[in-house]
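Today I opened a new model and kept notes as I went. Here is what I looked up, in the order I looked it up.

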Amino acid sequence: MRISVIGCGYLGAVHAASMAKLGHDVIGIDTDAAKVQALALGEAPFYEPGLPELLRETVTTGRLVFTTEIAAAAEAQVHFVCVGTPQKRGEYAADLRFVDAAITGLLPYLRAGSLVAGKSTVPVGTAHRLAGLVTGAQAEAMLAWNPEFLREGYAVKDTLHPDRIVYGIPGGPGSAAGVRAEKILDEVYATPLAEHIPKVVTDYTTAELVKVAANSFLATKISFINAMAELCEATGADVTQLADAIGYDSRIGRKFLNAGLGFGGGCLPKDIRAFMARAGELGVDQALSFLREVDSINMRRRVRMVDLAREVCGGSIVGRRVAVLGAAFKPDSDDVRDSPALNVAAQMQLQGAHVVVTDPEAIANAQLAWPTLSFASSAEDAAAGADVVLLLTEWRQYRELDPVAFGRLVSGRRIIDGRNVLDPFTWRAAGWTYRALGRGTAVQQPGVEVHAALAAQGVSPTSP
Ligand code: UDX
């Protein structure tokens, strides 16, 4: 099929290359000339594992081209809209200006049988409004909503082998236009559908809600375990063991129960806020009031991390040298949008600490966002002379640090594990003060706390 992809950011660039990999002829369109130039050369303009190889492969075949000219979309039958829907400044609501501009720009190039497929995350009701624009410009064209669930760091795999494919089609399942739209999308996704990936065909509003409901659930799961972490901090319990224990229950599941600094990025935080704003407009704000708490729990973790660092530094961070490992909002990404790690780094810098941040891929983006922070190109350089080390994004190379060798670089062996990924016992054994979110004032050898509690009750821990 001939496909255009409007918007070539973290979502669109991967989608365009993946569609070409599936055998389609693809035109990627973006207003950013520098990005288009890089993509046209087969170079990824951001860090995403597997994307450079996929781009090189598909650009070389000639099946994937990039341009800044929206008129190039005229050659395509299917148009994927992959532009961003950021949070509006000073409001919870999503800013739809890029989606509106993409659709309006496409209108002159639609023909009979064209399908516009929205992938951007939008407030429920948006597709219905945009469908009016599409059919107003070309009565025989159609709009579908086909939400995207890719995770950064796994974007290529998630696009080529998604967990599910959702179509929101005009008139809902069974309508004549809907059947036509479904048929076109089935042709686009013929390869993944042949792998028996589940397909849900529904109306516009359900498709739009699926995406925000999924992200709200994920955010709630993370904030749930982080709320438990607060309880653990107050009682001396261990949130990682708690997560393991409840995660063995297959109804709960262990995934997305990693307690720590909480969620950030370009999706979860702004999506739950836009969802709350939309619920308010629909008069059902009470239904989502729990998301306000999910958001607050998440933001409190960042403040708690700074407080913990202050505690570990003996009550003040003024003039203290702080090494921050990680700037991206998650590992295997260079994305620093709403990064919890950078938020903590900036708070500490503003409170008088000297903060040196490092990250394997995100330094350039972090520097643009926070030019007043200092940056180092390796964990070792960041840690040189540090009074405290904060592990805030769990890149593999930080998880695998050798506490003995690393300990020789710092001026004080104090580490705070913001993602609960280090082994407290080996770090303690190497002379470090190890602290973590949700693990009380000190992580003991497994069982020691339990034994102490039992002993206090006069029960021998070794008794059957
Ligand atoms: C998310 C959704 O997973 C994806 O389906 C959607 O399409 C876009 O939003 P992404 O933003 O790439 O994807 O990252 P994700 O892996 O979901 O992580 C989001 C944040 O939650 C990260 O900051 C991560 O560090 C944090 N997180 C994740 C936790 O704090 N604990 C966990 O257990 C899991």
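How many residues of domain 2 are in contact with domain 3? I found 23 residues of domain 2 in contact with 22 residues of domain 3. A reminder to myself: this is a predicted model.

**Entry: the layout.** I took the bounds from the domain assignment, which gives domain 1 as 2-202, domain 2 as 212-298 and domain 3 as 301-456. I then looked up the centres of domain 2 and domain 3 over C-alpha atoms, and they are 22 Å apart.

**Entry: the buried area.** Between them, domain 2 and domain 3 bury about 1700 Å², and carbon and sulfur atoms account for 48% of that. I wanted to know which residues of domain 2 lead here, and the answer is E233, L261 and G265. These three supply 38% of the area that domain 2 buries against domain 3, more than any other three residues.

Entry: I counted three salt bridges between domain 2 and domain 3. I also looked at R304 and E233, whose side chains meet in a salt bridge with an N to O distance of 3.1 Å. For polar contacts across the interface of domain 2 and domain 3, I noted 14 residue pairs, both residues at pLDDT 80 or more.

**Entry: who lines the domain 2 side.** Four helices each supply at least two residues to the side of domain 2 that touches domain 3: α9 (204-235), α10 (239-247), α11 (268-281) and α12 (289-312). Of these, α9 gives the most, with five residues. Sorted by class, this side has nine nonpolar, ten polar and four charged residues.

Entry: An unreviewed UniProt entry places the feature "domain: UDP-glucose/GDP-mannose dehydrogenase C-terminal" at residues 323-424. I checked that stretch in the model: it is 32% helix and 18% strand, and its end C-alpha atoms lie 19 Å apart.

**Entry: salt bridges overall.** The structure holds 29 salt bridges. I picked out D100 with R129, where the closest N and O atoms are 3.0 Å apart. D100 sits in helix α4 (residues 97-106) and R129 in helix α5 (residues 126-137), so the pair, 29 residues apart, links distant parts of the chain.

Technical notes: Residues numbered from 1 in each chain as written. Predicted model: local features only at pLDDT ≥ 70, side-chain atom pairs only at ≥ 80, totals over all residues. Heavy atoms only, no water. Domains from an automatic or database assignment. Contact = heavy atoms within 4.5 Å. Buried area = accessible area lost by both parts, 1.4 Å probe. Salt bridge = Lys/Arg side-chain N within 4 Å of Asp/Glu carboxyl O. Polar contact = N/O pair within 3.5 Å; in protein donor to acceptor, adjacent residues only side chain to side chain. Nonpolar A, V, L, I, M, F, W, Y, C, P; charged D, E, K, R; others polar. UniProt positions renumbered as here; feature names shortened; annotations may be inferred.
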